[in-house]
Amino acid sequence: MSRLGVSSLLTLVVLLGVSMLGFFSRLFAVIRFESIIHEFDPWFNYRATYQMVTTNFYDFLNWFDELAWYPLGRIVGGTVYPGLMITAGGIHYFLNALGFTTHIQDVCVFTAPIFSGLTAIATYFLTKELWNAGAGLFAAAFIAIAPGYISRSVAGSFDNEGIAIFALQCSFFLWIRAMRTGSMFWGIMTAFCYFYMVSAWGGYVYIINLIPLHVFCLLLMGRYESKLYVSYTTFYCVGQLMAMNIPFVGFQPIKTSEHMASAGVFALLQCYGFLDYLRSKLGEKEFKRAFYLFVTLCAGAIFAGVVGLTMLGVVAPWSGRFYSLFDTGYARIHIPIISSVSEHQPTMWTSFITDLHFLPAVAPAGLWYTIRNYDSAKIFLVIYAAFSCYFAGIMVRLMLTLTPVVCMLGGIALNVTFDHFFGEDNEETQVEKAKKDAKKNDEEEKEEATPIAIKLTVVMALTGLLCQFAVHCTYITSNYYSSPSVVLASSRPDGSRNIIDDYREAYYWLRTNTDDDATIMSWWDYGYQISGMANRTTLVDNNTWNNSHIAMVGRAMASNEDDAYDIMQELGVDYVLVIFGGLLGYSGDDINKFLWMVRIAEGEHPNHVKEQNFFSAQGQYTVDKSMSKTMKNSLMYKLSYYKFGEVRTHAQMSGFDRVRNVEIGHKNIKLKHVEEAYTTEHWIVRIYRVKKPSNKSKKLTHKLSQRKKKTKVARKGRKGVLSTTIPAAKGANTRQKASFEL
Amino acid sequence: MIIHSLLFAAAFAAKAKMLVVLENERQKNEYATVLNQLNEKFETYYKLADDADLHLVKYGKNLYQNAIIMAPSTEEFGGDVKTKTFVDFTQNGGNLMVFASSNIGDAIRELGAEFGIEYDETGTKVMSHQLYDFERDALNHDHSRFQLKASESFLGGSQPIVGPAGYAGLLIDNAVAMKIDKKNTLAFPIVKCNSYCYSWFPNEPITEYPMAVGRDITLVAGIQLRNNARIAFFSSMSMFSNKLIRQKFITYWNNDKNEHAREQNSVNKFSMHVFGWATNNSGTFRIAVFKHNLVDKENQRNDFYYINEEIEVTAIVQEHVEDNWEPASLLFENLWLDFHRLDPFVRMQFENQGGGKFTAKFKVPDTYGVFNFIVWQTKLGHTYLEHKEQITVRPPRHDMYERFIASAYPYYFSSFSMMLGVTLMSFAILYHRDVSPAKKNN
């Protein structure tokens with residue numbers, strides 16, 4: 001009795017410690033820099049939350065954002081996953097109700113770390129449900145500090161993923177609980193958690209495909225039971241009904257291919273259940289063969305039905321984003337805007353080590369144990385692992401869904417190992433399940449008593465590895481994932497830090513020096529930041545819903561100044577903002593992104609923009625002397641390098657671009673329709689004002705130049721010259737006489 | 001308080017300032033008729049073109065609202081006045097009238113070039129063999145004083161520049177040919193030559209194609225810059241002299257001396273009109289009031305509209321008359337409105353309510369976004385009327401849709417009937433007991 005008490009107290013303390021660790025290890029950014037919203041998307045989330053907190057929920061739901069996508073505007077309420085805003089707003093309301101007056105910004109900054117702590121707890125419960133409490137504690141500790149998850153949830157990274165992973169783990173835990181107990185209560189709890197996930201992140205599609213897949217696998221394996229029927233049908237019906245209440249999701253659950261798997265499994269489960277019922281009534285042996293045939297036919301009919309409906313256009317086909325998960329080359333060809341995003345690139349193998357350290361190495365062991373001791377619930381873990389691995393290999397950003405499952409598998413592997421080499425023989429309560437499922441195994445183990453020396457070596461090695469893991473995670477978190485990217489830092493030769501605050505400098509300038517309704521054209525990356533920090537209208541932003549509008553901006557940037565001016569006039573642009581890193585060596589600038597602008601523009605305007613024209617004769621993308629004429633005349637090139645030719649950034653030459661490491665090819669850039677309005681300290685942000693059409697038409701030069709012009713410069717107060725007041729005598733004809741006379 | 005109101009009154013009564021640049025003092029007498037017209041309407045300042053103290057712009061501000069340059073032979077202006085000064089002057093909104101002549105100097109030529117007007121060479125004159133001064137030019141071949149009929153050379157249409165009044169014609173004298181650059185979209189001819197004219201050195205054989213002939217030759221050109229500053233270029237100065245203003249046309253008919261030819265030269269009236277236009281005293285309008293609201297709900301919200309709402313736009317146009325703004329006259333007939341979001345979704349004409357009031361009623365399109373009310377009217381001789389006002393068109397709020405729609409009643413019925421059915425079924429299952437076999441047997 002007391003032993004149980006001690007172990008549960010210990011579990012509680014460890015869990016609490018782990019979640020606090022998860023919280024605190026995400027605060028590097030706040031301590032290093034300040035309590036500030038990071039990156040790009042969080043700025044919109046923050047702005048939306050601020051809007052919601054300062055008005056009310058219904059105003060937020062009906063909020064029409066006129067600063068975004070000028071002149072189209074954006075209905076925020078209908079195009080956003082509101083879960084994040086509601087969560088942060090709720091915390092803010094709760095704290096203020098208690099009398100802790102906090103600003104919404106601080107709540108937003110700390111939302112992700114708080115939820116990381118909760119994720120650790122949810123992971124504990126999920127792992128405990130699937131394996132045992134020991135593995136759960138390991139998994140919780142791993143997920144709390146694994147860089148793969150921290151990368152998305154440091155303080156200030158106020159993004160959907162921050163709370164979505166918690167919802168993901170939680171719904172999986174509740175699902176396992178529901179299918180194991182077969183209770184409607186847990187089924188509905190799963191649906192509620194699923195609803196929260198739907199409201200928070202577009203990645204909910206992952207849940208609504210993974211759970212049906214689990215059910216389908218169980219059906220295939222003949223592990224159907226009424227518990228499964230009850231839990232899945234309650235979850236599916238209630239969950240989808242609730243999901244449809246999120247305005248952004250709307251009727252998608254019954255209309256799009258992404259959700260058809262869940263609907264198909266639902267229908268299949270009905271058939272299966274019906275036949276199972278019939279079988280139990282009839283109880284005939286011959287029935288068995290007919291039964292499987294019927295089920296296969298049903299499955300085939302459902303599949304054909306879904307495909308048919310898709311072909312007929314009743315059900316929307318897979319969206320490009322979803323499709324690109326299966327065909328990796330698809331996005332690059334058809335939707336350049338998706339593949340232009342760095343987080344949509346395929347994952348490099350090194351990032352598996354960076355993000356997970358030794359876990360990818362031990363996770364297969366955990367998977368192996370899981371498969372060996374499989375039951376209906378553990379199969380879920382196998383499916384979860386398999387799919388996460390696949391997706392993480394395709395997109396960097398989906399590393400996020402791999403991290404929890406790898407942590408869980410790693411936890412299981414370590415738990416089994418420690419049990420074997422460190423565990424006491426009579427500690428049956430903890431490894432009860434594992435032993436039950438692998439009884440034979442256990443007996444063998446008991447027979448071979450492991451020498452203490454080996455035990456010690458293994459345990460010490462593993463402990464060392466775990467220490468290494470903690471050190472690695474802290475290092476990666478502090479050095480790679482804690483930069484707000486709004487504020488940059490570089491280190492001086494003496495080791496002290498140099499803060500580069502050009503972005504905020506520029507946005508503050510915009511906020512204070514431009515008209516309230518000034519429209520700013522920039523590449524879409526900076527849209528959210530401009531509207532969030534500068535409070536000015538933007539043409540395109542990170543909610544890349546309108547490809548043709550983005551292509552129009554890309555075309556303006558890729559055109560020569562005259563054409564660009566026409567486009568900018570049409571779009572009503574007042575200022576153009578470009579990011580330039582050549583002076584400082586900041587590589588994430590617009591010249592490096594320029595080819596994507598060209599590609600996206602080419603996709604919509606193939607007659608005006610051609611990617612080939614931006615390469616030099618040698619087929620290289622360059623800004624030096626060998627660059628093509630189109631490149632040289634493009635607005636982007638001119639705006640980036642305007643006056644840069646006068647700057648010496650290199651011992652030998654002026655106009656040396658420190659990102660591309662070349663001397664720029666065109667130094668004497670003249671601007672015609674735009675003028676420089678502001679350039680920040682390190683030249684990272686350059687803002688140009690679009691001039692109004694000139695008051696008068698162009699000066700007439702062609703005839704004047706033929707005449708001999710007097711180049712006297714009139715000085716102030718000088719007397720003028722009159723030819724004469726008396727009509728001039730008919731003087732010498734200056735015209736050339738022709739060869740004939742009249 | 002009294003001083004303040006006095007100052008105010010003084011400012012109110014003050015006439016617009018006009019600088020008159022002359023070549024010499026003698027011209028004050030020679031051009032007294034025209035100059036007196038100006039003296040009446042403006043506070044005039046006389047300066048000579050070569051005056052060392054000639055200034056137009058000081059510290060970035062215009063010293064005068066209008067300037068009239070009656071010094072065609074100027075090679076170089078005195079003071080700090082250069083071609084660029086005139087550009088600055090007009091950029092600041094100053095109006096300019098420039099006179100040329102066949103003895104045109106470089107300064108005037110460059111000034112013309114700056115605004116897209118090209119002059120023929122110094123010494124050339126515009127000549128016509130049709131209606132020239134028969135007595136004066138009987139012996140020589142200088143037909144540079146000739147009559148031009150208004151009907152064939154004046155700017156037509158209803159416009160405030162020369163006005164609609166019946167003119168007989170003009171007596172042109174010693175004019176230098178003027179051509180408007182084709183690329184110059186802001187300039188337009190006010191008086192053109194007829195097809196008998198050409199430009200060449202008088203009494204000299206024509207050895208090559210003249211710079212301009214016939215209707216290519218512009219004699220009076222107008223320019224309205226995008227900031228509504230107005231410029232008038234005259235190719236002849238002496239035609240405005242006292243002597244020629246008084247001249248009758250009779251001698252200029254070659255042989256046919258009928259009654260029609262006895263008409264008075266209309267240069268006096270013409271100059272009054274054109275000077276009036278060029279100094280912003282005619283054809284100057286502004287949109288004094290521009291407001292929009294829901295139809296018949298003037299005091300309700302007008303900072304945004306929902307789609308498909310009926311709205312009403314009111315614009316009040318005023319005209320500049322003798323230093324006052326008054327309701328636009330009937331000359332200002334119509335006004336167009338665009339409701340624009342990348343493309344015009346609505347393009348319609350305002351209804352003229354009289355007294356300069358214009359109203360337009362329309363239904364907001366079924367498309368949300370950031371729209372602009374755009375009035376952009378460029379009518380010849382009128383101020384460019386430009387007004388742009390941004391307005392947001394929103395989709396309806398979530399609670400603005402119809403709550404219960406008739407076509408949904410089957411669905412309401414089905415859901416409620418199902419709830420009822422479930423309840424009844426539950427009762428039936430829970431409280432129904434099969435008749436036991438024993439009882440059955442009984």
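Residues are numbered from 1 along each chain as its sequence is written, and chains are lettered from A and ligands numbered from 1 in the order in which they are written. In this predicted model, local features need pLDDT of at least 70, side-chain atom pairs count only at pLDDT 80 or more, and totals for chains, interfaces and linings use all residues, while side-chain values use heavy atoms, with hydrogens and water left out.

**Chain A as a whole**

Chain A has 32 helices and twelve strands. Helices (H or I, at least four residues) and strands (E, at least two) are DSSP runs, numbered from the N terminus. Of the 742 residues in chain A, 51% are buried. Buried means under 20% relative accessible area, exposed over 50%, and partly exposed in between (1.4 Å probe, protein chains only). Taking contacts (heavy atoms within 4.5 Å) between residues at least 6 apart in sequence, 71% join residues at least 24 apart.

**Two annotated spans**

**Helix α20 of chain A**

Helix α20(A) covers residues 359-372, which is 14 residues. From its first C-alpha to its last, α20(A) reaches 20 Å, close to the 20 Å expected at 1.5 Å a residue; the expected span is 1.5 Å times one less than the number of residues. Its buried residues are L359(A), V362(A), A363(A), G366(A) and T370(A). Seen down the axis, these buried residues fall within an arc of 115 degrees, so they line one face of α20(A). The arc is that of the directions from the helix axis to the C-beta atoms. An α-helix has 3.6 residues a turn, so residues three or four places apart point the same way. The cover over the buried residues of α20(A) includes α7 (133-145), α19 (349-356), α21 (376-394), α22 (399-422) and α25 (452-479) of chain A.

**Residue T111(A)**

T111(A) sits in helix α6 (residues 104-130) of chain A. T111(A) counts as buried because its relative accessibility is 1%. A polar atom of the T111(A) side chain lies 2.6 Å from the backbone oxygen of V107(A). Leaving aside neighbours within four places in sequence, T111(A) is in contact with A88(A), F158(A) and I163(A).

Note on methods. A polar contact is a pair of N or O atoms within 3.5 Å; within protein, one must be able to donate a hydrogen and the other to accept it, and residues adjacent in sequence count only if both atoms are side-chain atoms.
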